[in-house]
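The sequence and structure are shown first.

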Amino acid sequence: MAKIKLRLLDDLNKSNRGTQKSLIPKYIVKITASDLNNYFKYDSSGKKHPYKVANDSLIVLDENVQRGMTDLGRIRQEENKVKDIKNSLLGLNHLAPKAFMGNLVWNIREQGKEVFEVSTSLLDNKPAIQEIQINTKKIFLPDSAHRHLGICEAYKEYLKSDKPFEKFDEDFEFAIDVYNLSLQDEKLLFNELNSKQKKITAAKAKELDFTSPIGNLKDSILAYDQANERLFSQNIEVNSNTNERHTLMTMSVFTASIKAMFGLDLIKECLRDEDLKSELSQYYCDFFYKLKDEIVVKCTFRNKEKEVHPFANLYREYIYPKENGDYPEDELEEYIIEAREEASIINKTIRGQDKINSNPFIRTLAKIGGLIRKMDDWEEVIENLQSKLVSQKNGRFFQSGNEELLKIQESTGESIARIKDDGNINIQVQTSTLKTIENFLLEELSLKRESKIFLCLNGDVTKEWIDGSLSYTHILSRAQENYIDINVQFYIGGKVDLKEQDLVMRVEPSVSWKGAKLNGKKSVKAKRLDTFAGYKDTHYGNGIKKLEATFEVTLPSYDNDDSDMFDILFNCYIPTLNGQLETLQFTLKVQPEPISQED
């Protein structure tokens, strides 16, 4: 635990500390260039991003908050910007001969009264001096990394140079805003300081988001994974919107896949239901763990065919062992560079040949994952993906040699993929393409289940609606109430818990009449819910249940002075395999009884 003492200039918004007030308090301190150089230790070599923070540096950057790391583990602060600051301080920058230097920014993550100790010194005939002692293991930089480096580089140049820098002083003082924030609040601070003033990638902005519903669930998923298989550790690209390195997907695809799997309503519910958030986080990870273990494709590497797991973590497979291997210090960086290049080549080769882990397929597979979440043994679906699709094409189902991907699909009138001029397969990230992939996979994996709707007459005669229409006209009585029984047959996952009161049907006649206005119901609940005893799904056994809901619709006697035919629109809210409701819409033609003619 380091203990550093600095001159305290102000305790800003001190009364807000420990409250729920919106404005965050902070200490304002000052530090000299020489002291800052002692606390911030780093190596410098290479171009563009040459700086690598030393393991024993008190001041550090967290790549999960700041702009990430390069493939060589160097921080993404640019040498040109640092040189500009250094030269301004040394008086060498003719375009910016004066250095104004906004406040530096620190964050101390440790909490508790013992972290900050404020003391006051009273000197004869002089104003009192306040100092603050900071007790911490590390000081994190949510911002101002370029300024820190520029100050330290100027100080180092000043010490080693034979020529004097008359405009520089090693006792230059710099103001620091010192915050006491958690990691999550530190991310918010970084976002506030950078999103409005400096460009950060859309992927980085999504990574920093944890306050939105999807950001909240995203962080929970990553926390669960970190405690388990670490599939997503160093496997999500946060510095770019393309997978040019070893990563499985970008942060944008990651968040899109979460939305596709669970839908916004369920994701929003996680803000107030911690148990649900934990359940969804585990399921998301388990689904991708199963993809990682089960899916094996064949690709050609250097003219040799090789089996690969396209959902694997290439970082942990190739790079991590080198970073933690027992290698001589002077050779370690070379081994790491080679490992990163190898992982990158493998990733690019897989993506160039096979599309199962491409952006459109990850999003679509995630959506199917959400659909099967409540099935018993949902893992069978992924096993079928491997055995019935991938393996049937010798590990090359999602590659350019498969004509099925190039055929026009009847459901959307589009093909899944096309062949580019270079012979490689290409899949567009468009809504229509995603729908085409979804329909194709649902069909191939035997997951399509069509609900059926029946009109029951006199207790035993039934007529079925086809595509929302019925070749039948119901006679509407003028003398008494009209009773209509509608049965809906549908399928749900074996783990879905469903009750009659969960099922609702909305009734909307296209014509109003006096009796309907006074007595008619806008919606009715199911009066009975039955499970088909002994039903066993052809493809997934007890994983899918078949049910029938019965609705009794009562319409008042018709009292308008006409006999014109009209429609009644029904909206029935029925669960899908995962228990989430979808709308079935259908109409019934009705014919009022003729008006009786009096003599």
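The model is predicted. Its secondary structure comes to 14 helices and 26 strands. The radius of gyration is 33 Å, well over the 25 Å that the globule rule gives for 599 residues, so the protein is more spread out than a compact globule.

**Overall form**

- The C-alpha trace spans about 120 × 70 × 45 Å along the principal axes of the protein.
- Of the 599 residues in the protein, 47% are buried.
- When contacts between residues at least 6 apart in sequence are considered, 67% of them join residues at least 24 apart.

**Packing of α6 and α7**

- Two packed helices are described by the angle between their axes and the distance between the axes.
- For helix α6 (residues 213-226) and helix α7 (residues 251-269), the packing angle is about 115° and the axes are 9 Å apart.
- Angles of 65 to 115 degrees count as roughly perpendicular, and α6 and α7 are therefore roughly perpendicular to each other.
- The crossing of α6 and α7 is right-handed.
- On the α6 side, the contact involves P213, I214, L217, K218, I221 and L222; on the α7 side, it involves M251, F254, T255, I258, K259, F262, I267 and K268.
- The residues of this contact of α6 with α7 comprise 10 nonpolar, one polar and three charged.

**Packing of α2 and α3**

- Helix α2 (residues 79-90) packs against α3 at an angle of about 50°, and the two axes are 8 Å apart.
- The helices α2 and α3 are therefore oblique to each other.
- The crossing of α2 and α3 is right-handed.
- Helix α2 contributes K81, V82, I85, K86, L89 and L90 to the contact, while α3 contributes H146, R147, L149, G150, I151, E153, A154, E157 and Y158.
- By residue class, the contact of α2 with α3 divides into eight nonpolar, two polar and five charged.

- E186 lies in helix α4, which covers residues 183-195.
- The relative accessible area of E186 is 1%; buried means under 20%, so E186 is buried.
- Leaving aside residues up to four places away in sequence, E186 touches V65, N107, R109, F140, P142 and L181.

**Loop residues with positive phi**

- S144 is found in the loop between β9 (139-140) and α3 (145-160).
- The phi angle of S144 is near 70°, a positive value in a residue other than glycine.
- With a relative accessible area of 4%, S144 is buried.
- R230 is placed in the loop between α6 and β11 (236-237).
- The phi angle of R230 is near 55°, again a positive value in a residue other than glycine.
- R230 has 32% relative accessibility and counts as partly exposed, whereas S144 is buried.

Methods. Residues are numbered from 1 along each chain as its sequence is written. This is a predicted model: local features need pLDDT of at least 70, side-chain atom pairs count only at pLDDT 80 or more; totals for chains, interfaces and linings use all residues. Side-chain values use heavy atoms; hydrogens and water are left out. Axes are lines fitted to C-alpha atoms, for helices over the stretch in contact, and angles run from 0 to 180 degrees between N-to-C directions. Helices (H or I, at least four residues) and strands (E, at least two) are DSSP runs, numbered from the N terminus. Angles under 35 degrees count as roughly parallel, over 145 as roughly antiparallel, 65 to 115 as roughly perpendicular and the rest as oblique. A crossing is left-handed if the near helix is turned anticlockwise from the far one by less than a right angle, and right-handed if clockwise. Contact means heavy atoms within 4.5 Å. Ala, Val, Leu, Ile, Met, Phe, Trp, Tyr, Cys and Pro count as nonpolar, Asp, Glu, Lys and Arg as charged, and the others, Gly among them, as polar. The radius of gyration is taken over C-alpha atoms; the globule rule is 2.2 Å times the number of residues to the power 0.38. Buried means under 20% relative accessible area, exposed over 50%, partly exposed in between (1.4 Å probe, protein chains only).
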